[in-house]
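Dear colleague,

Please find the structure below, handed over for your records. A short account of the findings follows it.

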Amino acid sequence: MTTLVYTHEACLDHIPGPSHPESPERLKAVVQALRKPEFSDIEWRDAPMGTREQVLLVHTEDFVSDIEDSAPTRGYVPLDGGDTIMSPGSLEAVMRCVGAACAGVDAVMNKEAKNVFCATRPCGHHAEPDRAMGFCIYNQAAIAAAYAYEVHKLSRVAVIDFDVHHGNGTQAAFYDRPELFYASSHQSPFYPGTGSRTETGTAHNIVNVPLPRGCDSAMFRDRIAAEMLPAIRAFNPELIIISAGFDAHHLDPLAGLNLQDSDYDWITRELMKIADEVCEGRIVSILEGGYSLEGLASSTAVHVKALMNH
Ligand SMILES: [Zn+2]
């Protein structure tokens with residue numbers, strides 16, 4: 001079985017402004033990297049539109065109505081003080097993100113693919129059930145997990161997040177839901193300020209691995225191997241969703257960790273080993289952050305290459 005990649009041109013039409021780091025150029029760099037001949041085995045699919053029903057698996061009705069009403073016909077609308085901005089194309093872009101994530105879950109559950117990568121933007125893991133923030137509008141990774149639970153009747157779904165920022169939104173959505181597990185490694189202290197070890201969820205279904213500024217490959221691998229991988233195995237998920245942010249890369253301009261491309265190969269393979277042991281290899285990986293175009297392209301390529309070598 002192959003690796004599927006979902007993407008859509010509409011994800012380029014979310015335009016948060018000329019100097020915003022979460023630019024359409026990011027997705028162009030990712031897609032360009034994955035179009036190289038060594039990736040010719042990828043099966044590309046257009047991301048379908050997500051549905052309102054899917055969004056409501058995580059977000060509140062009031063919030064979703066607010067987002068729909070906020071979408072401008074021209075210009076920009078700031079959602080949280082200027083970090084998170086809607087442009088005329090944003091609503092379709094986020095619905096393609098949700099649609100890709102849920103279609104990815106369908107594809108691995110129906111055995112159309114062993115694993116999936118969603119090359120979509122904007123990112124989602126900061127979006128809380130009733131709040132857009134941190135460049136994120138809807139939380140597609142959390143939605144995909146809830147979708148797998150509701151629609152495919154899975155009883156345990158894990159989201160693993162190696163973006164350099166803590167996914168406060170995913171944590172908030174999962175906190176009281178023992179069937180959904182969230183593990184995050186992230187720079188700390190750092191935006192958004194959440195993600196301490198004491199935030200464990202009501203059923204110890206949240207695992208936070210804070211990393212100090214300057215954390216290098218050796219420390220990253222030690223901490224992940226000691227604190228995160230055993231917890232994922234213990235949870236015994238039926239599906240692994242990856243919030244794949246690449247802003248812990250040493251080239252990233254927004255953050256201060258020092259990961260190399262090879263670390264993304266390593267963690268991807270470790271997660272694939274667990275997936276092979278517990279859930280027939282099922283992984284849906286979803287692009288989150290990553291703001292060095294060079295670091296984003298090279299580390300995404302390494303990540304997807306690993307996914308293809310199953
Ligand atoms: Zn990030």
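This is a predicted model: local features need pLDDT of at least 70, side-chain atom pairs count only at pLDDT 80 or more; totals for chains, interfaces and linings use all residues.

Residues are numbered from 1 along each chain as its sequence is written, and side-chain values use heavy atoms, with hydrogens and water left out.

The zinc ion is coordinated at 2.0 to 2.8 Å by Asp-163 (OD), Asp-163 (OD), His-165 (ND1) and Asp-247 (OD). Donors here are N, O and S atoms within 2.8 Å of the metal (3.2 Å for Na, K and Ca); water is not among the atoms, so sites may look incomplete. Along the chain, the donors of the zinc ion follow the spacing D-x1-H-x81-D. The angles among the four donor atoms run from 52 to 153°, and the site is irregular. Four donors count as tetrahedral if all angles lie between 85 and 135 degrees; four count as square planar and six as octahedral if opposite donors are over 155 degrees apart and all others between 65 and 115; anything else is irregular. Asp-163 is buried, at 1% relative accessible area, and His-165 is buried at 8%. Buried means under 20% relative accessible area, exposed over 50%, and partly exposed in between (1.4 Å probe, protein chains only).

Strand β7 (residues 180-187) has eight of its eight residues buried. Helices (H or I, at least four residues) and strands (E, at least two) are DSSP runs, numbered from the N terminus. Leu-180, Tyr-182, Ser-184 and His-186 point one way from β7, and Phe-181, Ala-183, Ser-185 and Gln-187 point the other way. Strand β6 (residues 157-161) pairs with β7 in the parallel sense over five bridges; two strands pair if DSSP finds at least two bridges between them. β7 also pairs in the parallel sense with strand β8 (residues 206-211), over six bridges. Ser-184 of β7 stands opposite Asp-161 and opposite Asn-208 in β8.

Helix α7 (residues 217-235) has 19 residues. Its buried residues include Phe-220, Ile-224 and Met-228.

Two cis peptide bonds may be of interest when you inspect the model. One joins Arg-121 and Pro-122, with omega about 5°. The other joins Ser-188 and Pro-189, with omega about 0°, and Pro-189 is found in the loop between β7 and β8.

Yours sincerely

Methods. The expected span of a helix is 1.5 Å times one less than its number of residues.
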